Amino acid sequence: MILGDLSKWEQEQWAYAPILRKAIDYLCDNDLDNTDIGTYSLLGDDMYAMVQQADTVVPQERKSEHHAQYIDVQSVVTGEEIHVIARHSERNVPVEDQLADKDYALFDTVDNEFELLLKPGMFVIYFPDDLHRPACSRTGGTVTKRVVIKINKDLLHTTD
């Protein structure tokens with residue numbers, strides 16, 4: 001997992017792989033406040049942005065998720081979200097495993113979780129072994145606008 005802030009992007013972008021820079025540049029270069037809800041292709045099925053409206057829930061009501069093939073870059077455009085995060089381990093057993101067909105597994109109980117408050121202008125990058133419960137809040141019921149950029153992890157090995 002990497003936590004970042006778009007206001008620091010110019011100084012910190014050198015530390016990121018080219019494909020991750022492309023994703024964060026998308027967040028910086030687009031007027032996401034006025035972008036319609038929907039899915040936008042960046043590199044076909046290998047990289048795409050989903051602009052979403054989310055209704056938050058309390059963390060206990062959201063299952064933790066993880067992916068095998070795709071990296072998530074998540075950013076909140078409006079509102080605030082709590083993300084509950086942990087590293088995957090053999091102690092975490094999925095209650096639903098759709099990794100082969102839909103690239104996700106869901107978990108009810110996860111060891112060593114911690115919370116992250118994501119505000120507008122911040123982003124978080126989740127790698128395949130990062131379990132996460134996004135779009136949560138203390139009381140639930142708030143609405144956020146968010147962007148999730150899905151990146152095929154194989155693109156990390158490219159140089160441009």
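Strand 6 and strand 11 (residues 130-136) run antiparallel and are joined by five bridges, where strands are DSSP runs of E with at least two residues, helices are runs of H or I with at least four residues, and both are numbered from the N terminus. Two strands are said to pair if DSSP finds at least two bridges between them. In strand 11, Leu131 is the bridge partner of Ala86. Strand 6 (residues 81-87) also pairs with strand 9 (residues 114-118), again in the antiparallel sense and over five bridges, and there the bridge partner of Ile85 is Phe114. Six of the seven residues of strand 6 are buried, so that this strand is mostly covered; buried means under 20% relative accessible area, exposed means over 50%, and partly exposed lies in between, with a 1.4 Å probe and protein chains only.

The model is a predicted one, in which local features need pLDDT of at least 70 and side-chain atom pairs count only at pLDDT 80 or more, while totals for chains, interfaces and linings use all residues. Residues are numbered from 1 along each chain as its sequence is written, and side-chain values use heavy atoms, with hydrogens and water left out.

Asp129 has its place in the loop between strand 10 and strand 11. Because its relative accessibility is 38%, Asp129 counts as partly exposed. If neighbours within four places in sequence are set aside, Asp129 is in contact with Ala86, Arg87 and His88, contact being heavy atoms within 4.5 Å.

We can turn next to an open sheet, which six strands form in the order 1-10-5-12-3-2 with antiparallel pairing. Strand 1 (2-5) and strand 2 stand at its edges, and since each has a single partner strand, one side of each is left without a neighbour in the sheet. From one strand to the next, the twist averages 20°. Within this sheet, strand 5 and strand 10 pair over four antiparallel bridges, and Gln74 has Val124 as its bridge partner in strand 10.

Helix 2 lies across strand 2, strand 3, strand 5, strand 10 and strand 12, and runs at about 155° to strand 12; axes are lines fitted to C-alpha atoms, for helices over the stretch in contact, and angles run from 0 to 180 degrees between N-to-C directions. The 12 residues of helix 2 (residues 18-29) reach 16 Å from the first C-alpha to the last, close to the 16 Å expected at 1.5 Å a residue, the expected span being 1.5 Å times one less than the number of residues. Which residues of helix 2 are buried? They are Ile19, Leu20, Ala23, Ile24, Tyr26 and Leu27. These residues are on the same side of helix 2 because they cover an arc of only 145° around the axis, as given by the directions from the helix axis to the C-beta atoms.

In soluble globular proteins, nonpolar side chains tend to be buried together. A nonpolar core is a set of buried Ala, Val, Leu, Ile, Met, Phe, Trp, Tyr and Cys residues joined through side-chain atoms within 4.5 Å. The largest such core has 21 residues, of which Leu27, Val73, Val147, Ile149 and Ile151 touch the most other members. Helix 2, strand 3, strand 5, strand 10 and strand 12 each give two or more residues to this core, and the largest share, six residues, comes from helix 2. Apart from this core lies another, of seven residues, among them Ile85, Met122, Val124 and Tyr126.
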